[in-house]
Amino acid sequence: MTGDSEMRNNTSSASDATNGGSGGGTIDVEHYRKLVKQFCDMRRYQTALFWAEKVCCLSQNDPKDVYCQAQCMFLLKEYHRAAHTIRYHKLEKTHIPCYNLLLECLYEAKEYNEAIVVINTVDIEYLASSLINQPLDGGGMDGPSLLFGEEGCKNEILASISFLKGKIYEAMDNRGLAMDYYVQALHKSVYCYEALEALVQHEMLMAWEEKELMQHLPLEHQSSESDAKFIKKLYETKLKKYYESIGPNTNAEETPIGNMSTLKSIKELNDKIQMTRNSDASIHKNVLPKFMTPTQNQILSPANKVLEDLKIPPFSLQVSLTRASSLINDSQRSHMETPNRNRSKDSADSPTSILLSTSMQRIQKSTDVMAAEAEKHFYDCDYKKSFKLLNELLKIDPYHDGARTVQIGCLAEFGDYNKLFYVAHKLVDRYPDKAISWYAVGCYYDMIGKSDPARRYLSKATSLDRLYGPAWLAYGHSFAKENEHDQAMAAYFKATQLMRGCHLPLLYIGVECGLVKNLELAEKFFYQAMSIAPLDVFVLHELGVIKYEYEFYESAEEVFRTTADIVTNRAKQNKEEVSARWEPLFNNLGHCCRKNKKYKEALEYHQYALLLNPNTPQTLTDIGFVYALMGNLEEAITYFHKSLALNRDCIVTSTILKTCIEDLMDDESIIDEIYGKQAWDSYSAHKIPKAPNQFPTIEEEDSPSVKFTGMKLKFDDEDISTNSDNIDPNVIMDMSMDI
């Protein structure tokens, strides 16, 4: 008996060992893999990780199961743990999905140096060559996996790796390599939208480079003909909104320019720009020295460095496109010719297929397309139409980042600080870790004239996302408003580094250089800005101001006329009146006409400026001054009185008024009218003779006192009150934010 018992016990132990100690039966590992996927889909990541770890034990650390376990850790934001799991099993050198996940973990953990070590250690292109003849093992998920269940997904994972490399190098401030990898990502998969967004939203490419990139995308290799048209249409909505072609085949009816003569003027101006940019002898030698300061070369050396850096771009699109094409050729385009290319015939009869024309119509309701259209209206200065479109979009998606950025700009243009207060508070409550939230708060405080809190919150926005260009521009504006030119230019310099393809930082640096009377640098920066955005009216206007400072009045008049033509024709196209913001433009055009002795035209432009912005004392003084030069002293005195009624402290207006009254009193017809002819005859015998050329000195009065402040070509040295000075302090709400 004892022997039989012992024999049964031994047999039972062997059976238990064979069946895992369960007394019989088997464990289906695939069932638990599907269970992990189901819990991931339901966002129960902790439960998914629990079972993923057990699956790894059962499969003895199969690469696909280790990948699934590390992915669960990544979803739980345990980035270091996920990276260690992959490295422990040394899968980054043999398993492409694990390599991709490792890079993403290190990026999210901000271990950029370690990520670069991994990039330099593993030759991903050599590893990917194994994909030519054998499919990637998608592993733990059933059917087509998240990354690589079929041939077509090989492109996506390789594009994802290139995109992650770009993000890592961009975080390390190596923007040249970052742009190169983003272009490679788009070539490996034209569906990798994040790569295009990084290039466009971070302003890495010039406008012509964006168009060239679109032309060289391998759409024909990776998609059907209809898909290629559809993708290209969507991507083109993301390109530069302020760029207009000025090529020889430009149709004037398709541009904001109303006639071909204006277009010709802009072409000639751009030809001059190309010549001037390569020459350092573009400044009037007799005019420049009186504007120079002894320490100028020391103060503005960073500006010279920026200009030198612009001559040697850190990135060449042609080189990047050539490299991307060579990588495709090396792999014999096996990755590129995906099943999607021949999908059009198979999908024509599919119940889910939609006609291309119908798709193009429906896609107009996409929030991304609507945001792109609103941004285009914003750059065209059509703020009302842009804001109306944004309101429709934000009803669908109230927290669309691209739409919110444009909305903040529109509210700043409208001066609606109450609405901006509401938007900023809502963003901070929902997304306190996003840069756009604190950017909105900073813009609110800047709008109500509180510079210190504005800078504090804008600084926080740049610390949360140092690639967020609008925050850097607004940060510079907060200094520029208080005439702190060095600090403002430092912020604009940083924006220039981050926004290579945007003209705005160059424009603002030029404005600051003009304010400190460094006209040479100002002109160069405006030319650089025009090379990016040839038809930008703000750049044209500021260039006209610089030419006026140089006393090149004819050239200044030509530039101002071109700008005014663009502005008025845009207003006609939008079926709206010209905005009041362009009142300085027409005043400046009037000043140029006055300098060129075109008094009637000058009077017309000043009166039009007064129509745009009534009761402006500066414009009233300008009109009076032109009337005085035309010899109509009575009208001049009337307008001077109207100006002084609005601004009684204007010394220039008072001085010119006094001179006009004296000249008027010396007029015999006026004395006859007041005293009678007999009284005047007796008085004239004892009258002291008038000094010659007394009145013409009035015209010289305005020359030294003209001041250029951004948009304003001011008549005197007094500051024009801003909108914030007229805000009722009792109405302004204060936001107490903890940083």
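Tutor: Cys-381 is buried, because its relative accessible area is 16% (buried is under 20%, exposed over 50% and partly exposed in between, taken with a 1.4 Å probe on protein chains only). The model is a predicted one, in which local features need pLDDT of at least 70 and side-chain atom pairs count only at pLDDT 80 or more, while totals for chains, interfaces and linings use all residues. Residues are numbered from 1 along each chain as its sequence is written, and side-chain values use heavy atoms, with hydrogens and water left out.

Cys-381 sits in the loop that joins helix H21 (367-379) to helix H22 (383-396). Helices here are DSSP runs of H or I with at least four residues, strands are runs of E with at least two, and both are numbered from the N terminus. Not counting residues up to four places away in sequence, Cys-381 touches Val-537, Phe-538 and Trp-582; contact means heavy atoms within 4.5 Å. The C-alpha atoms of Cys-381 and Arg-581 are 9.8 Å apart in space, although 200 residues separate the two in sequence.

A nonpolar core is a set of buried Ala, Val, Leu, Ile, Met, Phe, Trp, Tyr and Cys residues joined through side-chain atoms within 4.5 Å. The largest one holds 82 residues, and Trp-582 and Phe-586 touch the most other members. Helix H30 (residues 519-532) gives the largest share of this core, 9 residues. With neighbours within four places in sequence left aside, the contacts of Phe-586 are Ala-564, Thr-568, Val-578, Tyr-605, Tyr-608, Ala-609 and Leu-612. In soluble globular proteins, nonpolar side chains tend to be buried together.

Leu-127 is another buried residue, with a relative accessible area of 14%. Leu-127 belongs to helix H8 (residues 124-128). Its contacts, apart from neighbours within four places in sequence, are Glu-92, Lys-93, Thr-94 and Ile-96. Leu-127 and Ile-96 lie 31 residues apart in sequence, with 7.5 Å between their C-alpha atoms.

Lys-90 gives a contrast: with a relative accessible area of 60%, Lys-90 is exposed. Lys-90 is in the loop between helix H5 (79-88) and helix H6 (96-108), and has a positive phi of about 55 degrees although it is not a glycine. Most residues other than glycine have a negative phi. Lys-597, in the loop between helix H33 (583-595) and helix H34 (599-612), also has a positive phi, of about 65 degrees.

Helix packing is the last point. Helix H26 (residues 451-464) and helix H27 (residues 469-480) pack at an angle of about 160 degrees, and their axes are 9 Å apart. Axes are lines fitted to C-alpha atoms, for helices over the stretch in contact, and angles run from 0 to 180 degrees between N-to-C directions. H26 and H27 are therefore roughly antiparallel (over 145 degrees; under 35 is roughly parallel, 65 to 115 roughly perpendicular, and the rest oblique). The residues that make the contact include Leu-458 of H26 and Trp-472 of H27.
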